[in-house]
Amino acid sequence: MFNFDEIVDRTKTPCEKWNKYKEQDVIPAWVADMDFKSPPCVIDALQQRVNEGVFGYTDIDDATYDAIISFVKRHYDWDIKKEWLIFTHGVVSSMNLACLSVETQSVMTTTPIYPHFIKAPKYAHKEVLAIRMKEENNRWVLDLEAMEKAITPTCKLFMLCNPYNPAGTIFTKAELEQLGAFCLKHDLTICSDEIHADLLLSPKSRHVPIASLNLELQERTITLMAPSKTFNIAGLQASFAIIPSAELRKSFKRTMGSMVGGINLLGITALKAAYLEGDAWLNELRIYLAENLKMVQTFVSKNPKLKLLDQEATFLAWIDASALNVKSPYEFFLQHGVGLSDGEPFGDKNFVRLNFGTQKSVLETILNRMQKAMDSLC
Ligand SMILES: Cc1ncc(COP(=O)(O)O)c(C=O)c1O
């Protein structure tokens, strides 16, 4: 019903992804937004709001809160309350707010990871305990043993990315229960970035918010969510934190103060429309992305020097290119006309991250160019 094959010329707008290589024959496959138009319900709602013509200070109406509450219940089976919600203009801002508002000398997280998980604690002048994920049954998983060895009594915050960027892991209920037990044992507050919660690549998958597991975890978790990745509206800057603990919420809000504003009215408009009416679009998107992933997997399987573990979520494939034996796999593919994300800022320069949230014809060109690059090594 929705046409994800439609090419949108993004070079006509100053878009970060395509502008980076505007003057070169390079197809971008880096920053995490998609090349698809947002759902028609979002575009219609924005058009209607723009037609009203007045863009003064705004409130958030009850219908918006209800849209979030029912989306979270419908998709993740978690009952949340209106007063738990705090709106911010981005998940990265909320990660920084979490690091500033939790009293702790250090922050534990995992690596390789989306770079702001390392940057946010550093900005808050906290030491970072970054524990490398491990490979198990062809998936990237938490190394609880290593975490147990590295934890210190002065570390009171764990930053989780679920689903995981860049490796695409959806943590299972059992894995989250183990992590939850670890956090309870060491009295850690959890900041759980769940921005990719809806981008599940198998119809059987289900996203479990760690805070939904039990009341103890709910009380110690700051959950960060947003419609931005799901409905491709990152530029509208709309996100929210779910903080059930009154104490944590107070501290988070105090840190926000008057320095970090909430979301803008077009962001709220888009969020509400997407959460109320975007499910059908989202279902089709997930099928399209799963087909795209198959294309990437086929390409990788033809090239034994590349490796991709099971990818359960996100439109970002974390490819191990260490066997290429080149100084920088990112530079290598760039020279062949594909602008991937360099693994280095994520914590491993031997990897590249491929954004496959694009039209199949574009992805085909990307993979053909990468194949030519691989052939050049023979
Ligand atoms: C795990 C994760 N968190 C946060 C963000 C960015 O969120 P925002 O644009 O709302 O700051 C991204 C973007 O790629 C991400 O992958």
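**Loops, helix pairs and domains**

Guide: This is a predicted model. Pro112 sits in the loop between β3 (106-111) and α5.

Visitor: Which loop holds Asp77, and what is its phi?

Guide: Most residues other than glycine have a negative phi. Asp77 lies in the loop between α3 (62-76) and β2 (85-88). Asp77 is not a glycine, yet its phi is positive, at about 55 degrees.

Visitor: How do α4 and α5 lie to each other, in terms of angle class?

Guide: Helix α4 covers residues 91-101 and helix α5 covers residues 116-123. Their axes come within 8 Å and cross at roughly 45 degrees. That angle makes α4 oblique to α5.

Visitor: Is the crossing of α4 and α5 left-handed or right-handed, and which residues of α5 are met there?

Guide: The crossing is right-handed. By class, this contact has six nonpolar, two polar and no charged residues. From α4 come Val92, Met95, Asn96 and Cys99. In α5 they meet His116, Ala120, Pro121 and Tyr123.

Visitor: What is the angle between α2 and α10, and which residues of α10 meet α2?

Guide: Helix α2 (residues 40-52) and helix α10 (residues 265-277) have axes 8 Å apart, at an angle of about 145 degrees. Their crossing is right-handed. The contact has eight nonpolar, one polar and two charged residues. Cys41, Val42, Ala45, Leu46 and Arg49 in α2 meet these residues of α10: Leu266, Thr269, Ala270, Ala273, Ala274 and Glu277.

Visitor: How do α11 and α13 run relative to each other?

Guide: Helix α11 spans residues 279-301 and helix α13 spans residues 360-375. Their axes come within 11 Å and cross at roughly 10 degrees. The pair is therefore roughly parallel.

Visitor: Which residues of α13 does α11 meet?

Guide: The residues of this contact divide into five nonpolar, two polar and one charged. On the α11 side are Asn292, Met295 and Phe299. On the α13 side are Lys360, Leu363, Leu367, Met370 and Gln371.

Visitor: How far apart do the C-alpha centres of domain 1 and domain 2 lie?

Guide: The domain assignment gives domain 1 as 10-38 + 279-375 and domain 2 as 44-277. Between their C-alpha centres lie 25 Å.

Visitor: Which element gives the most to the side of domain 1 that touches domain 2?

Guide: In this contact, 26 residues of domain 1 face 29 residues of domain 2. Elements giving two or more residues to the domain 1 side are α11, β11 (316-320) and β13 (351-355). With five residues, the element that gives the most is α11.

Visitor: How do the residues of that domain 1 side divide by class?

Guide: Nonpolar, polar and charged residues are each represented on the side of domain 1 that touches domain 2. The division is 15 nonpolar, five polar and six charged.

Definitions and conventions: Residues are numbered from 1 along each chain as its sequence is written. This is a predicted model: local features need pLDDT of at least 70, side-chain atom pairs count only at pLDDT 80 or more; totals for chains, interfaces and linings use all residues. Axes are lines fitted to C-alpha atoms, for helices over the stretch in contact, and angles run from 0 to 180 degrees between N-to-C directions. Helices (H or I, at least four residues) and strands (E, at least two) are DSSP runs, numbered from the N terminus. Angles under 35 degrees count as roughly parallel, over 145 as roughly antiparallel, 65 to 115 as roughly perpendicular and the rest as oblique. A crossing is left-handed if the near helix is turned anticlockwise from the far one by less than a right angle, and right-handed if clockwise. Two residues are in contact if their C-beta atoms, placed from the backbone, lie within 7 Å. Ala, Val, Leu, Ile, Met, Phe, Trp, Tyr, Cys and Pro count as nonpolar, Asp, Glu, Lys and Arg as charged, and the others, Gly among them, as polar. Domain bounds come from an automatic or database domain assignment.
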